[in-house]
Each structure stands twice: as C-alpha cells, then as structure tokens.
Amino acid sequence: MTDNTTLKDRFFKKYHGEEIQKCIQCGTCSGSCPFAPYMDFGPRQLFAMAREADMDEVLNSNTMWFCVSCYNCVVKCPRDISITDHMYSLKKMAAKESVKPPAMLDLYRSFNSPVEKYGRLTDAAAMAEFGLRHPVAALKNMPLGVKLVLKKRLEIKPRPLDNLSGFIKVMEKAEEMENQETNGKLANMESTKQ
Amino acid sequence: MIMRYGFFPGCSYKGAAGYKESTEAVCRELGIELAEIKDWNCCGATSYWSTQDLKSYVLPARTMALAEKQGFTEIANICNACYSTLRKALTRLDEDGELKEKVNLALHEEGLEFTGNLKIRHFMEILVNDFDADEIKKHVKTDLAEFVVAPYYGCQLNRPWGDIDDTINPVLMDRLIKALGAKPLTNYSAKTECCGAAHMVAHSDSCVVLNRRIVKDAVEKGADTICTLCPLCQFNVDASQAGNKSVNMPVIFFTQLMGLAFGLGKNDLMLNKLLTPFKMAV
Ligand code: SF4
Ligand code: SF4
Ligand code: SF4
Ligand code: SF4
C-alpha cells in the first residue's frame, strides 16, 4: 500500500479533501447517517483520522462503502462540507489501493460493465454479473426476481444505444485522458516529494 | 397549448410498476409532451460517482449534450437519482472550466458538445410549478376526499441544493396531492428518509430496517397508500414488504395517483404490476 502521507496528499489535493480541515467534529453527520450503525467509523471519526494521515485505517474501513449518497449529512453539516463527495473519493482511492474488494465495489462493477458495453443498464444484466461474484446474496434475491418476471417487469434483453460505437469512443477517450492524468499527476506529486 | 419538455427516462423507467403507462396517460390528459431525448445513455449515478473520476461526468454530459443538440432547453426526469446526477454534473461542469473542457474532448469523439445551457427538472416538480392547481383540478373525476396519501420524496430529490423545496421537509408533492382532492399525510416524518438504494442488493438486512420505518410511519399515521416519485424508491419500499405478512401498504407512483383521480382506466394505471396489492374502496 502507498504510504500514508502520500495518500493524504492525494486525498487533499487531487480530490479536494482539504475541505475537511474546516470540520469542527460536531458529529452531526454521524448522528444523521442512516448507515452509521454498520460503519466501522462514522464520517466524523473518519475525517479525524484522515486529518491525522491515518489513511491506511481510513481506506481499509467499510465506512465509505456503506455510504448510499443520501446527502442527509451534507444538508445538516454546519460547515457545509460535501461529505458525500469525500465518500466517493475515498471509495475511488481505496479501490486503487486494492483493498480487499467489499461487496459494494463488486456491485458497482457489475452495474458499470453493462453500461460500458451497451450504454444502458438492464437490471437483469447487472444482477447476473453480481450473481457471478456473490452467489449467496444473489440467491436471496431470486424469489423477487421470479415475481418481477411474472409481472413482466424484468428486462432481460439489453437495449444498446443507436450510436453505440460513438458512445464507446467517447468512453475510451475519457478512459485514456483519465489514465494520462493519473500517471502524470501522481508521478508529479511523488517526484516533488523526494 | 401543449407543453413540451426534453425527457430523460433513465434505465429503470420501463421496468417500474406502471410508471411509464401512467405517466404517458397523465400527459395525454393534461396535454404535455415528454419528448424522449434520442439515444440517451445511463447517467451512471452513485455507481460511477463511486468508481470513476471523468466518466462519471461524461455519462450525464453526453445525454445533456444530445438534448441540447435536439433543441431542448429543459430536461424532465422521473427518477431521483437521474435528476440529482444530471443536476450535479451540470453544476460542477459550470463551475469547473477545465473539467468541462476534458468532458467535451471526450464528447467530440461523437461530434457532441456540452454547453450547459439547460435546466434539469423533475416531472413532479414540473406539474406543481408549471401548471395551475386549478387547471389540474378540472380533470379530477374521482372523489378522493377520504383517501390519505403519505408523500414519500426519498432522500435524493433536491439534495444537496435545497432550491426547489426544503431538503428535510419538502411539500411540493403534498400540493399536488391536494390538487387531486386527496389528503396528504402532513406529519409523515419519514418522507425524506433513505431507502438504502442499491445497498438493498448487497446489504438487504440493514436496508429492510430503513424501509420498515418508512412503511411503519405511514401505517401508524393512517395512510392508505405511500406515493413515490422515483423507480428505485418505489421498488425498495414496495419490495421490502415481501415476507412480512403483517403489513400491506401499497406503494404507488404520483402519476398513478393522478390517473386514479382523473378516472383513467386499468391499462393506464397498471396497478397490477405493484408487488403489494393496491385496493381502493371508493
Ligand atoms: S457534520 Fe460537518 S462539521 Fe460536523 S463532524 Fe460532520 S463533517 Fe464535521
Ligand atoms: S450521504 Fe453517506 S455518509 Fe452522508 S448520511 Fe448519507 S449515507 Fe451517511
Ligand atoms: S438513475 Fe440509475 S438507472 Fe437511472 S439512468 Fe441513472 S443510472 Fe441508469
Ligand atoms: S430514497 Fe432510496 S431510491 Fe429514493 S432517492 Fe433515496 S436512496 Fe434513492
């Protein structure tokens, strides 16, 4: 894993995490988060740890993976900190540091992969992908799936875009720029450190 | 006069229980044209925000660029997640010129350009803000005076902006419910509580707890139905009741409620697609 100082730097600079310096540790976010009971640390504590550069602990925690983007914390935070966005950033950073992939990361990947392929999502495609990765959770959803099929609500066939090749070119270009950026910026950051 | 909006249905519109049928029927009744943005793509939503830096903007920007190209100035959404994703992308791209440039570099591959000259709207909010309540009342044929409706807004509508309504206690849909002659449950405190979204798939146990509270609050305060404005909200609150025989709280879309009030037919409402059965004694 990358060292803690570099990770904190990346979080603060590349992802504008330095905003959490404004946090007054009031705990409103953790108190209003519907998933706080399942998190290793609430958002308040997570930010305290990030400020201390305990990034290893931060990125290995389950906290951000439980964030569902409900913005309940954001609309209540007295310091206007965009907590939800920091959760996104920490998810992206954790995934890059190849922490043991949490179930939610697999779910996101199962969701993204049909989108990349067809430009749109069908529930069946996402569920099939996820099912291959998590057979037990998928089985639990089986009775519901059957019901939806009976009610003619489960779309099985993908609905690709008309200009699928154009869409794919757009996404490839985005990917290419992304990779250039990451390599460029990180190399830059690491070299200025030495 | 026909009111016309660019329409972003999103991926979950078609599979949602009667949402499409009832929306189309209500539009026919009121003279609204929701013109589908041709070749729209998935907005990416939480899944892309959580995994991709640039693509999370490129996805919503492509659909918005298509809308611009097709001459729309407003996009109507019917899903909270799409609405919030498009708005978020629009706001950010407006603030961050460098990011916008990058997004456009990618879009150029398909000959598209995003300028951001657009307004992102939710269809429910359109009905309340662009239409006169008295106009809507004229179409009401069924007496819903004794029908108590718990307005469930879900968490993502209007957050974090808080400009179209209050972020914690919104009332827009309450106004629509009143215009339809039904009774909105005004003290429904679970109205913006999160249903757990896609976590339902991987962490159903913790989500069922959240949904139980959303349903119980409506039951205990005497609601006849919960009314929603997002396919995923509807799905979670409805599906989470499966296997719990003690509750039976139907969860419908606001367009289905409108259809009921307008006296529209079975095929327009498609209430049979709901998981928790809907019965009304009026
Ligand atoms: S609510 Fe805001 S200020 Fe309070 S602890 Fe959370 S992030 Fe910090
Ligand atoms: S946005 Fe995320 S961290 Fe904030 S309250 Fe919702 S789930 Fe919790
Ligand atoms: S909200 Fe979900 S389903 Fe709807 S368009 Fe966006 S990603 Fe696709
Ligand atoms: S309540 Fe659930 S589905 Fe609705 S907006 Fe919130 S997370 Fe999304």
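The term salt bridge here means a side-chain nitrogen of Lys or Arg within 4 Å of a carboxyl oxygen of Asp or Glu.

This is a predicted model, where local features need pLDDT of at least 70 and side-chain atom pairs count only at pLDDT 80 or more, while totals for chains, interfaces and linings use all residues. Side-chain values use heavy atoms, without hydrogens or water, residues are numbered from 1 along each chain as its sequence is written, and chains are lettered from A and ligands numbered from 1 in the order in which they are written.

Here is the interface of the two chains in summary.

| Chain A with chain B | Value |
|---|---|
| Residues in contact (heavy atoms within 4.5 Å) | 60 residues of chain A, 58 residues of chain B |
| Buried area (accessible area, 1.4 Å probe, lost on being put together, summed over both) | about 5,400 Å², 61% from carbon and sulfur atoms |
| Salt bridges | 7 salt bridges |

On the side of chain A that touches chain B, the classes are 32 nonpolar, 7 polar and 21 charged residues. Nonpolar covers Ala, Val, Leu, Ile, Met, Phe, Trp, Tyr, Cys and Pro, charged covers Asp, Glu, Lys and Arg, and the others, Gly among them, are polar.

Methods:
Buried area = accessible area lost by both parts, 1.4 Å probe.
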